[in-house]
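Good morning, and thank you for coming.

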Amino acid sequence: MSTSVCIAIDVMGGDHGPRCVVPAAADALRRNPDLHLLLVGLRQPLLDEVERHALPADRVTLHFCTETIEADDSPASMLRGKRDASMRVALELLRDGAADGCLSAGNTGALMVLSRSLLGMLEGVERPAIMAALPVAGKPCHVLDLGANVDCSARQLFEFALMGSVAVSEMYGLPSPRIGLLNIGHELNKGGQQVREVSELLRQCASLNYIGHVEGDGLFRDQADVVVCDGFVGNVVLKASEGLAVYLQQEIRQALANSLLLRCMAPLLRRALRPVTQRHDPTAYNGASLLGLPKVVVKSHGAAGEQAFAAAIDYTVRACQAGLPQRIAGRVAQVDRSL
């Protein structure tokens with residue numbers, strides 16, 4: 001790491017809480033000597049895990065809270081209640097300048113609502129969008145929105161494309177990411193009125209490398225680096241992809257278990273398939289950006305284990321070092337002036 005970064009982490013979020021987050025934090029601190037962490041959680045569970053993993057006291061600050069946000073809590077109710085919840089406190093530390101970024105594996109809706117309420121929005125951006133990478137074709141394909149906005153206007157989808165292009169360019173070193181619009185066909189006349197409108201906006205934007213419509217299978221064929229869609233479609237794509245991956249893994253394990261020959265060949269098969277499994281390991285791609293906010297906020301998968309959560313910490317660090325919100329704000333202002 002070239003610059004010091006401080007991240008506020010909601011330790012209580014996700015399925016595993018402190019017993020996953022704290023060891024992941026310890027691993028991230030060992031690998032990143034310039035990383036500082038603000039860990040926010042309930043006093044006793046947090047203290048127990050910190051003592052167990054001997055975190056460096058000079059690089060970790062503990063912030064104790066008295067409440068947590070549960071998976072079934074209504075996002076809207078979080079604006080009025082649970083003022084001392086770990087997620088809210090972590091976001092307030094970010095808002096007040098104590099941290100450069102915030103990471104949580106907690107309730108996605110609550111994180112989105114609280115982030116927007118406490119941090120506001122970048123000028124020129126109407127709505128935030130969730131962007132994450134799908135490990136396909138040996139490289140990540142970034143999709144947004146993944147659930148923050150069920151209904152989107154053409155202008156909002158255009159903004160998602162802008163933000164996604166900047167994020168991928170800055171964080172992954174792609175000078176001109178290929179932007180695709182998810183549609184039911186690649187022809188210009190396919191899709192509804194909204195899709196045709198945003199497609200025209202994207203074609204008129206000279207600063208975007210817009211390649212046109214991308215069908216669902218194109219996500220897995222390296223046809224685009226960034227694929228834009230509304231949150232309803234994006235969330236369905238994400239969950240269907242995750243479900244298919246789990247299903248195929250189960251089918252392969254079952255096939256191996258049912259065949260004596262394949263069981264005998266298992267060590268050889270595992271060796272041969274190791275590069276494939278490593279390229280498509282979802283833990284390496286954990287971390288979804290909430291784009292459109294004036295600060296870096298990252299959502300980890302709720303079921304993430306230690307390795308996956310450590311990857312989300314690394315992702316948050318890269319987003320902070322890239323100055324992602326400022327880069328997005330600059331591009332949005334530049335495009336607004338040209339339209």
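Helices, of at least four residues, and strands, of at least two, are DSSP runs, and they are numbered from the N terminus. In those terms, S289 belongs to strand β10, which covers residues 288–291. Please keep in mind throughout that this is a predicted model.

Let me stay with S289 for a moment. Is S289 buried or exposed? Its relative accessible area is 3%, and since buried means under 20%, S289 counts as buried. Leaving aside residues up to four places away in sequence, S289 touches A129, I130 and M131, and also V297, Y315 and L324.

I turn now to the charged side chains. In general, side chains of opposite charge can pair when their charged atoms come close. How many salt bridges does the count come to? The answer is 13 salt bridges, and I shall discuss some of them.

The pair I would begin with is R31 and D314, whose side chains meet in a salt bridge with a distance of 2.8 Å from N to O. This pair links distant parts of the chain: R31 is in helix α1, residues 18–31, while D314 is in helix α10, residues 306–321, and the two are 283 residues apart. R31 has a relative accessibility of 38% and therefore counts as partly exposed.

The next pair is found within a single helix. R52 forms a salt bridge with E49, and the closest N and O atoms are 2.6 Å apart. Both residues are in helix α2, residues 43–53, and because they are 3 residues apart, about one helical turn separates them. For E49 it is 11%, so E49 is buried.

A further pair lies in helix α6, residues 193–204. There, E200 and R203 are 3 residues apart, so that about one helical turn lies between them. Their side chains meet in a salt bridge of 2.8 Å, N to O. E200 is partly exposed, with a relative accessible area of 35%, and R203, at 41% relative accessibility, is likewise partly exposed.

Next, the aromatic rings. How many aromatic pairs does a search of the whole structure find? The search finds 0. A ring does, however, take part in another arrangement: the charged end of R43 sits over the ring of F64, at 4.2 Å from the ring centre.

On the surface, there is a nonpolar patch formed by V150, F232, V233 and V236, which together have about 340 Å² of accessible area. Of these residues, I would point out V236, which is placed in helix α7, residues 231–257. V236 has a relative accessibility of 45% and is thus partly exposed.

Let us move to the loop between β3, residues 60–65, and α3, residues 86–95, where P75 is placed. P75 is partly exposed, at 28% relative accessibility. Not counting residues up to four places away in sequence, P75 touches N107, G109, A110 and V113. As for M121, which is 46 residues from P75 along the chain, the C-alpha atoms of the two are separated by 18 Å.

The loop between β3 and α3 also holds K82. K82 is a residue other than glycine, and its phi is positive, near 50°. Its relative accessibility is 24%, which means that K82 counts as partly exposed.

Which other residue has a positive phi although it is not a glycine? It is D222, with a phi of about 55°. D222 is found in the loop between β8, residues 209–214, and β9, residues 226–228. At 30% relative accessibility, D222 counts as partly exposed.

One further point concerns the backbone. The peptide bond from L144 to D145 is cis, with omega near 10°. D145 is located in the loop between β6, residues 139–144, and α5, residues 154–172.

Thank you for your attention.

Key:
Residues numbered from 1 in each chain as written. Predicted model: local features only at pLDDT ≥ 70, side-chain atom pairs only at ≥ 80, totals over all residues. Heavy atoms only, no water. Phe/Tyr/Trp six-rings, centres within 6.5 Å; stacked < 30°, edge-to-face > 60°. Lys NZ or Arg CZ within 6 Å of the ring centre and 35° of its normal. Salt bridge = Lys/Arg side-chain N within 4 Å of Asp/Glu carboxyl O. Buried < 20%, exposed > 50% of the residue type's maximum accessible area, 1.4 Å probe, protein only. Contact = heavy atoms within 4.5 Å. Patch = residues over 30% accessible without salt bridge, like charges linked within 9 Å, V, L, I, M, F, W, Y side chains within 5 Å. Areas by Shrake-Rupley, 256 points an atom, 1.4 Å probe, with all protein chains shown as cover.
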